[in-house]
Amino acid sequence: MRLKLSFLGAAQNVTGSCFLLEADGRRILVDCGMYQERQFRDRNWNPFPFEPAELDAVLLTHAHVDHCGLLPKLVREGFRGPVHCTPATAELVEIILLDAGKLQQEDAEFKRRRHEREGRRGPHPVVPLYTVEDAQRCVPLLAPVPYDVPQDLGGGVEAVFHEAGHILGSSAISIHAGVNGQRRTVLFSGDVGRSDRPILRDPDLLDHADYVVLESTYGDRIHPPETDKEALLAEIINRTHEAGGNVVIPSFSVERAQELLYHLNRLLAADAIPHLMTFVDSPMAIKVTEVFENHPELYDREMQAMVRQNGSPFQFRGLKMCRTVDESKAINHIRGTVLVIAGSGMCTGGRIKHHLVQNIRRPESTILFVGYQAVGTLGRLILDGRPEVRILGQMLPVRARIERIHGFSGHADRDELVEWVSGLRKDPQQVFVVHGEADTAEAFAEHLRQTKRWRVSVPGYQDQAVLE
């Protein structure tokens, strides 16, 4: 019996994470993510290259949409098995998928009206990729499992979830299966976090794997020396306040929004920034923050001590959680500087686009990026210095100050990834480098070949590998 591994997403690109492992008659899907890069979004509409009804289980590494965002489509097309993930991931996935279904419907309606006005057609029917109802059908399938406890997947196959330190509830997953009478372990890194970060525990170091599917988001670079993020954040806020503009922060609703609140809380307590009105304009981020507050067992020691001493770091005077569209629109009528944290993190949808329309033409305002921007996304175009960008169907000049703080990255860099995988006591038979832009993945693979002398490959989309 051999294992067969198919690379069905995040192969020579970052998003759309999806891997099919066929082991001893079982068909296990690891992640079912949505594509976010503009040049790959058509794949979201393509039929799955397998029969969803024939899958035995889905395992989720974590709750980011590029790892779980196509689950509603999978269920709509016939999958009925369990979706194993950690308890925090299960809570977050429900929030994220329902929000994604709502956004899909709203964006489809907005696009339909725009196309009618402009008298044109797009490459796909103007219908949502999936609906809120499709997302709701996923919820009963979510099967929470604890960290570090083997889960029987049937047919002698089992999986273990390990702390990945990337976002709340994130995991690396090791799958154990028999091959020709011998036990083999395939380790899926998911997204590897960084050590000594606020709020979360450090990633677990694992000591055994025969095969490793390893992410490479930042595999071709070293994060800059740890700067004082809070000092940079304060400088940007203070300068924008003096200019009379707004600070608009595109933010991922999971982890990044909560980390921003954590740092803003500390800056306000130190009177390092003016006590401005701060808006979290994302119903999803608001719900996610509640999940964070419900899982203090997943905090690191420093965070637990902070909560015991001062209470929740996600609450402070002047903070407004915007749940409704009317509350969101009202922000535009406030005079003076405000801080707006809104999704999505790569500016691909959601309320951030409306705040960009209001602020991107204002030289006194600042657009502050605090997360990864995939190639082809609106956020990446702005960050790359495009003089004008298309937002909500209109071309707008970029006159606002564009800033970026690198220290908020939730992804390990090249050396941190090497350190993580170096926990293995025995050399793996092969490492498959995924979840990185093509050049980045190849550069990281070559670095592993040179430094570790391992067998390393960079699979392409829909490539397959037989594991012996």
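Start with the largest nonpolar core: select L71, L74 and I175, which touch the most other members of its 104 residues. A nonpolar core here is a set of buried Ala, Val, Leu, Ile, Met, Phe, Trp, Tyr and Cys residues joined through side-chain atoms within 4.5 Å, and buried means under 20% relative accessible area with a 1.4 Å probe, protein chains only. Next, colour helix α3, residues 87-118, which gives this core its largest share, eight residues. Helices are DSSP runs (H or I, at least four residues), numbered from the N terminus.

You're looking at a predicted model, where local features need pLDDT of at least 70, side-chain atom pairs count only at pLDDT 80 or more, and totals for chains, interfaces and linings use all residues. Residues are numbered from 1 along each chain as its sequence is written, and side-chain values use heavy atoms, with hydrogens and water left out.

Now go back to I175. Leaving aside neighbours within four places in sequence, I175 is in contact (heavy atoms within 4.5 Å) with residues including L21, I28, V157 and F188.

A cavity is a set of points on a 1 Å grid over the protein atoms alone where a 1.4 Å probe fits but cannot get out; lining residues have an atom within 4 Å of a point.

Select L8, R43, F48, P49 and L70, the lining residues nearest the centre of the largest cavity. That cavity holds about 130 Å³ of space.

Last stop: the second largest cavity, about 110 Å³. Among its lining residues are H166, R194, E255 and F408.

Terms used
Buried means under 20% relative accessible area, exposed over 50%, partly exposed in between (1.4 Å probe, protein chains only). Helices (H or I, at least four residues) and strands (E, at least two) are DSSP runs, numbered from the N terminus. On a 1 Å grid over the protein atoms alone, a cavity is a set of points where a 1.4 Å probe fits but cannot get out, and a pocket is an open set with protein on both sides within 12 Å along at least five of seven lines; lining residues have an atom within 4 Å of a point. Grid points are joined across faces, edges and corners, and a volume is the space filled by probe spheres set on the points.
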